[in-house]
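Please look over the sequence and the model before reading on.

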Amino acid sequence: MTTPILSVQEVSYRTAAQPILHAIDFKVGRGQIVGILGASGCGKTTLLNLIAGITHPVKGQVLVQYDGEEVMVEEPGPDRGIVYQAYGLYPFLTSLENVALGLKLSQTTIPRRMIGYVTRSWPHLRRIHLRTAEELLVRFGLSDAMDKYPHELSGGMRQRVAIAQALIMRPQVLLLDEPFGALDEATREDLQRMLLVLYEENLKAVEEGRLAPHTILLVTHAIQEAIFVGDRVMGLSRQWNWKEQGFSHCPGATIVYDKAAPIFKPTDPVDFERFVAQKDEITHVVFGGDLHIDPKTHCTFWSQVHSNHGYGVTRDA
Amino acid sequence: MTKKPFSSFRQAAGIRTPISRKAVWMIGASSVLILLFLYTLLSIHQHQINATDTTIPTWKQMGEGIAKAFAAQPRTGDRWIIEDVLATLSRLGVGLGMGVGIALLLGLSMGVWRWVEAFFLPPLSLLAKIPPTAMMAVFFTLFGTELKMYSAIIAFGVIPTLAQTIYLGLKDIAPERIDKARTLGASTSEIIFCIMFPQILPKLLDVIRLQIGPAMVFLIAAEVLVGDVGFGYRIRLQSRLLNMNVVYPYLAYLALFGFAMDTFMRWIQRKLCPWYVKGGAA
């Protein structure tokens with residue numbers, strides 16, 4: 001595999017009241033979609049916030065590859081997009097304006113826009129931004145929703161806009177925090193397939209020798225969703241053999257599962273047969289409450305990749 | 001006899017059943033006409049008792065009162081209505097402008113920075129409990145009886161409510177929206193002015209609209225007490241002379257002004273916050 005796009009190195013995090021995460025250590029290859037599973041309250045969102053730079057680790061560091069260099073994450077930035085379950089869209093902006101917002105904020109400043117009104121450079125740039133946003137919304141099947149405000153859209157449409165809003169920044173890593181949790185089953189599957197389209201674009205880019213454009217970390221509590229959408233599934237749990245490792249109290253949740261998941265095409269049916277065995281394994285390891293699980297036993301993704309000479313977007317390994 | 005089908009018990013009982021827009025207008029207009037009719041009856045009755053009565057003037061006397069306010073005064077050539085409108089409106093404008101400006105600065109700072117919140121919240125909460133009219137003596141002493149005093153009393157009256165509304169509005173903004181703005185490349189000033197402020201703007205406009213009423217109360221009360229021109233002054237003076245044919249039209253002008261301001265603020269809100277008017281939540 002080429003240099004990982006994201007490295008989480010021995011990251012631990014705790015609040016004043018209790019430890020949350022312990023020695024989280026993993027690497028993500030460019031173009032992967034990683035499903036992150038875990039029980040409610042185990043620290044999945046905290047992990048995303050640490051990667052986004054919204055919270056800071058007590059120990060360890062998060063590195064993101066940016067312009068060919070590994071940069072330590074210290075604060076939120078346009079290289080790490082985030083999408084929340086509650087959409088996080090701005091109610092005072094239309095879909096088009098919401099999607100174009102990132103370009104405006106990252107490419108200009110308030111004084112530059114004020115001067116640009118006078119010199120007419122800002123209206124010109126603004127038109128370019130809106131055109132770019134429009135193209136993305138059309139690609140996401142939202143041609144009819146451009147001028148609508150978030151409250152005028154359905155939940156599925158809002159989440160598409162939110163994903164477009166993050167993707168327009170061309171982030172190195174897109175962090176999705178239970179993005180489909182509030183949606184009905186049909187809309188959920190529709191959006192899952194939209195992510196599979198993005199993965200297909202990644203595969204095509206790798207085949208053509210280009211850099212895969214979309215690296216996604218998808219936090220979810222639905223095992224089926226993680227397996228269906230991700231090319232890799234990780235499980236976070238507070239139930240592991242911490243006593244055997246000499247801790248008197250649980251030092252926090254850690255990664256107890258990290259394996260490849262079957263790769264689906266956007267048009268493939270949801271074939272339960274293909275992931276029923278993995279689902280049972282995840283249920284046992286991540287949600288089973290077994291205090292004798294050794295975190296290393298089920299974290300075999302990279303050895304799987306190397307023994308198979310690559311997998312999905314990592315097949316150049 | 002067949003019973004008319006109702007879609008719900010509420011509809012059958014007539015509770016909050018919608019009526020047509022035309023019916024709303026007609027019922028509203030008839031209530032005003034009934035009021036005017038009752039006033040006319042009362043005035044006729046009073047003038048049957050005392051033909052020279054000015055406490056409940058006839059419509060003819062009312063016309064004379066209106067003409068008097070618009071006419072040039074023989075000695076000075078000034079017209080009361082112009083003098084009073086200019087004085088009251090300039091005091092209200094300066095006071096409300098100052099109040100909104102300071103409240104905006106305070107509310108925004110309190111909503112953004114915790115240390116500003118910790119510093120200003122206790123005094124603001126305390127001052128909000130003191131009725132501004134009770135503070136008039138303090139304002140007369142500190143600022144005299146000129147424009148400064150009227151502006152200060154209006155500003156003092158509206159700042160606590162406005163500042164707290166802005167501050168609470170900002171506190172209500174979901175942290176994810178702020179975090180997301182940072183991932184979209186927003187600077188601190190952009191988060192304040194491009195993300196937070198537009199979101200509370202419709203509520204701010206609503207509160208400003210609602211604060212025009214109290215601001216007028218503080219101003220008229222101050223003018224009644226120490227004014228030498230303005231609506232409050234004229235109402236006090238003319239009521240002492242029992243010239244109610246001048247006082248009642250002045251009250252009607254105040255009502256019309258309030259109505260016009262309300263309509264204007266709603267128009268501003270429609271123009272600046274179309275999303276809110278369409279039903280979006282701030």
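The sections below describe the contact between the chains and then the salt bridges.

## Contact between chain A and chain B

The model is a predicted one. Chain A contributes 28 residues to the contact and chain B contributes 23 residues. Between them the two chains bury about 2300 Å², of which 65% lies on carbon and sulfur atoms. A:Y90, A:F92 and A:L105 account for 27% of the area that chain A buries against chain B, more than any other three residues.

Six residue pairs are in polar contact between chain A and chain B, both residues of each pair being at pLDDT 80 or more. On the side of chain A that touches chain B, at least two residues each come from strand 6 (80-84), helix 2 (95-107), helix 3 (110-119) and helix 5 (155-167). Helix 2 of chain A provides the largest share, with four residues. By type, this side of chain A comprises 16 nonpolar, eight polar and four charged residues.

## The salt bridge between the chains

One salt bridge is counted between chain A and chain B. The side chains of A:R113 and B:E190 form a salt bridge, with an N to O distance of 3.0 Å.

## Salt bridges within chain A

Over all chains, the structure holds 19 salt bridges. In one of them, A:K44 pairs with A:E178, and the closest N and O atoms are 3.9 Å apart. This pair links distant parts of the chain, 134 residues apart: A:K44 belongs to helix 1 (residues 44-52), while A:E178 lies in the loop between strand 7 (173-177) and helix 6 (185-207). A:K44 counts as buried because its relative accessible area is 5%, under the 20% cut-off. A:E178 is likewise buried, with a relative accessible area of 15%.

A:E189 and A:R193 also meet through their side chains in a salt bridge, at 2.8 Å from N to O. Both residues lie in helix 6 of chain A, four residues apart, or about one turn of the helix. A:E189 is partly exposed, at 29% relative accessible area, whereas A:R193 is buried, at 18%.

## Salt bridges within chain B

In chain B, the side chains of B:R114 and B:E117 form a salt bridge with an N to O distance of 3.6 Å. The two residues are about one helical turn apart because they stand three residues from each other in helix 5 (residues 114-128) of chain B. B:E117 is buried, with a relative accessible area of 13%, but B:R114 is exposed, with 69%. Elsewhere, B:D206, B:R209, B:D262 and B:R266 are joined into one network by salt bridges that share partners.

Conventions: Residues are numbered from 1 along each chain as its sequence is written. Chains are lettered from A and ligands numbered from 1 in the order in which they are written. This is a predicted model: local features need pLDDT of at least 70, side-chain atom pairs count only at pLDDT 80 or more; totals for chains, interfaces and linings use all residues. Side-chain values use heavy atoms; hydrogens and water are left out. Contact means heavy atoms within 4.5 Å. Buried area is the accessible area (1.4 Å probe) that two parts lose on being put together, summed over both. A salt bridge is a side-chain nitrogen of Lys or Arg within 4 Å of a carboxyl oxygen of Asp or Glu. A polar contact is a pair of N or O atoms within 3.5 Å; within protein, one must be able to donate a hydrogen and the other to accept it, and residues adjacent in sequence count only if both atoms are side-chain atoms. Ala, Val, Leu, Ile, Met, Phe, Trp, Tyr, Cys and Pro count as nonpolar, Asp, Glu, Lys and Arg as charged, and the others, Gly among them, as polar. Buried means under 20% relative accessible area, exposed over 50%, partly exposed in between (1.4 Å probe, protein chains only).
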